[in-house]
Amino acid sequence: MSVVRTSPGFLAAGFDGAAGNMDAALWTSPDAMNWTRVPFDEQSLGGVNDQVIYDLAKGPGYFAAVGKDGIEGNEDAALWVSLNGVDWRRMPHDETVLGGDGAQEVRGVVIDGTEIIGAGGNEESGDADGRVWLAKIEGL
């Protein structure tokens, strides 16, 4: 789970397993004491299998969240973006970049202007290796 400061308060990200599988979830708070769940959007935050947000970052005019997505049948790295912290869009899945054999997940993220840099792991054949992803965001 991750928390960032926003101009009206705070934004937290993680997951919710109440429906039986894990779905990405976000919450807002004006004071870090009282939290409100961001409305759940199945298309952006849910789906088949598990979707989990591990880290969250605030950039110039947008937010990025990273984690993993099991919607394609195996766990692949995932990236979500939002202009306001409430309306989220899962970036299109590209198997050659975010997927591959085994499981991939992004555990940490930083934003540098329009570039999102994520770090995590790639597990193939029982061997886990570190991995870094770079995404350039244009035209949000």
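# Charges, strands and turns

Visitor: Hi! What sits over the ring of Y54?

Guide: The charged end of R107 does, 3.7 Å from the ring centre. A charge counts as over a ring if NZ of Lys or CZ of Arg is within 6 Å of the ring centre and within 35 degrees of the ring normal. Keep in mind that this is a predicted model: local features need pLDDT of at least 70, side-chain atom pairs count only at pLDDT 80 or more, and totals for chains, interfaces and linings use all residues. Residues are numbered from 1 along each chain as its sequence is written, and side-chain values use heavy atoms, with hydrogens and water left out.

Visitor: Which salt bridge does R107 form?

Guide: R107 meets E105 side chain to side chain, at 2.9 Å from N to O. A salt bridge here is a side-chain nitrogen of Lys or Arg within 4 Å of a carboxyl oxygen of Asp or Glu.

Visitor: How many salt bridges does the structure hold?

Guide: There are 4. One of them joins R37 and D16, with 2.6 Å from N to O. That pair links distant parts of the chain, since R37 is in strand β4 and D16 in strand β2, 21 residues apart. Strands (E, at least two residues) and helices (H or I, at least four) are DSSP runs, numbered from the N terminus.

Visitor: How accessible are R37 and D16?

Guide: R37 counts as partly exposed because its relative accessibility is 31%. D16 is partly exposed too, with 23%.

Visitor: What about D69, which residue is its salt-bridge partner?

Guide: R90, with the closest N and O atoms 3.2 Å apart. D69 lies in strand β6 (residues 63–69) and R90 in strand β8 (residues 88–90), so the pair ties together parts that are 21 residues apart in sequence. Both D69 and R90 are buried.

Visitor: Switching to sheets: what is the strand order in the open sheet of 4 strands?

Guide: The order is β1-β2-β3-β4, with antiparallel pairing. Two strands pair if DSSP finds at least two bridges between them.

Visitor: Which strands stand at the edges?

Guide: β1 (2–6) and β4 do; each has a single partner strand, so one side of each is left without a neighbour in the sheet.

Visitor: What do β9 and β10 form?

Guide: A hairpin, with 2 residues between the strands. In the turn, G113 has a positive phi of about 65 degrees. β9 (residues 103–112) and β10 (residues 115–124) run antiparallel and are joined by 9 bridges; V110 has I117 as its partner in β10.

Visitor: Which loop holds A32?

Guide: A32 is in the loop between β3 (23–29) and β4 (36–37). A32 is not a glycine, yet its phi is positive, about 65 degrees. Most residues other than glycine have a negative phi. A32 counts as partly exposed because its relative accessibility is 37%.

Visitor: And where does N49 lie?

Guide: In the loop between α1 (42–45) and β5 (51–58). N49 also has a positive phi of about 65 degrees without being a glycine, and at 37% relative accessibility N49 counts as partly exposed.

Key
Buried < 20%, exposed > 50% of the residue type's maximum accessible area, 1.4 Å probe, protein only.
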